[in-house]
Amino acid sequence: ENLEPLEDLMEMYYKSVGRNSTLIMGLTPDPDGLMPEPDVKRLKEWGDEIRRRFSTPIANTSGSGKNIRLRMPEKQKINHVIIQEEIQSGESVRKYSLEARVGGKWVKLCEGESIGHKRIQYFDDVECSSIRLTIQESIATPQIKNLSVYNVQ
């Protein structure tokens, strides 16, 4: 049985779901129409790992417009951000950047071209009390339904 290591599956998740695309697993049932037990076990581990990383954000917010700020209850370490557009309103974001408030000034964490249903951004640990999402280009008023921060270990 040739199972993908959990870390490779997480990488697949980040590069598909985390970039607003579909994840195609390519799993094949056995002749009885059942998934092989080792695959089922690995998929459960994978689902558990996704939940472990992302089910409890440190803080989250939503909003519309080109600038959305998220203040955390206190200064803490983060290394992942999930951004989601209100997809019923369409995908309007074409370019954005994320910054963290560190030592009294804004420091760029990352930037991207699109958000859509879900965008997962990860970066080196940064200790901050606030982040801001700046939409530099969009085709309509951006509707952000979720901006969440995490510290994934």
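**Fold and strand pairing in a predicted model**

E91 is partly exposed, because its relative accessible area is 35%, a value that falls between the limits of under 20% for buried and over 50% for exposed. The structure that holds this residue is a predicted model. E91 lies in the loop between β2 and β3. Apart from neighbours within four places in sequence, E91 is in contact with N20, E85, G116 and I139. One of these residues, G116, is 25 residues away from E91 in sequence, while the C-alpha atoms of the two are 5.2 Å apart.

Confidence in the model was considered next. The mean pLDDT of the chain is 94, and 99% of the residues score at least 70. Among the elements of the chain, strand β6 (residues 143–150) has the highest mean pLDDT, at 98. The lowest mean among the elements, 94, belongs to helix α2 (residues 37–54).

The secondary structure consists of two helices and six strands. Read from the N terminus, the order of the elements is α-α-β-β-β-β-β-β. Along the principal axes, the C-alpha atoms of the chain fill a box of roughly 60 × 35 × 20 Å. Of the contacts with a separation of 6 or more, 76% are between residues 24 or more positions apart.

The pairing of the strands was then examined. Strand β2 (residues 67–85) pairs with strand β5 (residues 119–138) in the antiparallel sense, over twelve bridges. Two positions in this pairing can be named: I68 has L133 in β5 as its bridge partner, and I82 stands opposite I120 in β5. Strand β2 also pairs with β6, again in the antiparallel sense. Six bridges make up the pairing of β2 and β6, and I83 stands opposite L147 in β6. Strand β5 in turn is joined to strand β3 (residues 93–102) by seven bridges, and β3 and β5 run antiparallel. In this pairing, the bridge partner of A100 is I131 in β5. In a regular strand the side chains alternate between the two faces of the sheet.

L70 counts as buried because its relative accessibility is 3%, and the limit for buried is under 20%. Not counting residues up to four places away in sequence, L70 touches A59, N60, T61, S129, S130, I131, L147, S148 and V149. Among these, S129 is 59 residues from L70 in sequence, with a C-alpha to C-alpha distance of 8.6 Å.

The surface and charge of the whole chain complete the description. Buried residues account for 39% of the 153 residues. The accessible surface is about 8700 Å², and carbon and sulfur atoms contribute 47% of this area. There are 22 positive and 23 negative side chains in the chain. The centres of the positive and negative sets lie 11 Å apart.

Notes: Residues are numbered from 1 along each chain as its sequence is written. This is a predicted model: local features need pLDDT of at least 70, side-chain atom pairs count only at pLDDT 80 or more; totals for chains, interfaces and linings use all residues. Side-chain values use heavy atoms; hydrogens and water are left out. Helices (H or I, at least four residues) and strands (E, at least two) are DSSP runs, numbered from the N terminus. Buried means under 20% relative accessible area, exposed over 50%, partly exposed in between (1.4 Å probe, protein chains only). Contact means heavy atoms within 4.5 Å. Accessible areas come from the Shrake-Rupley method with a 1.4 Å probe; for residues, only the protein chains shown count as cover. Lys and Arg count as positive and Asp and Glu as negative; His and the chain ends are not counted. The place of a charge is taken as NZ of Lys, CZ of Arg, CG of Asp or CD of Glu. Two strands pair if DSSP finds at least two bridges between them. pLDDT is the predictor's confidence in each residue, from 0 to 100.
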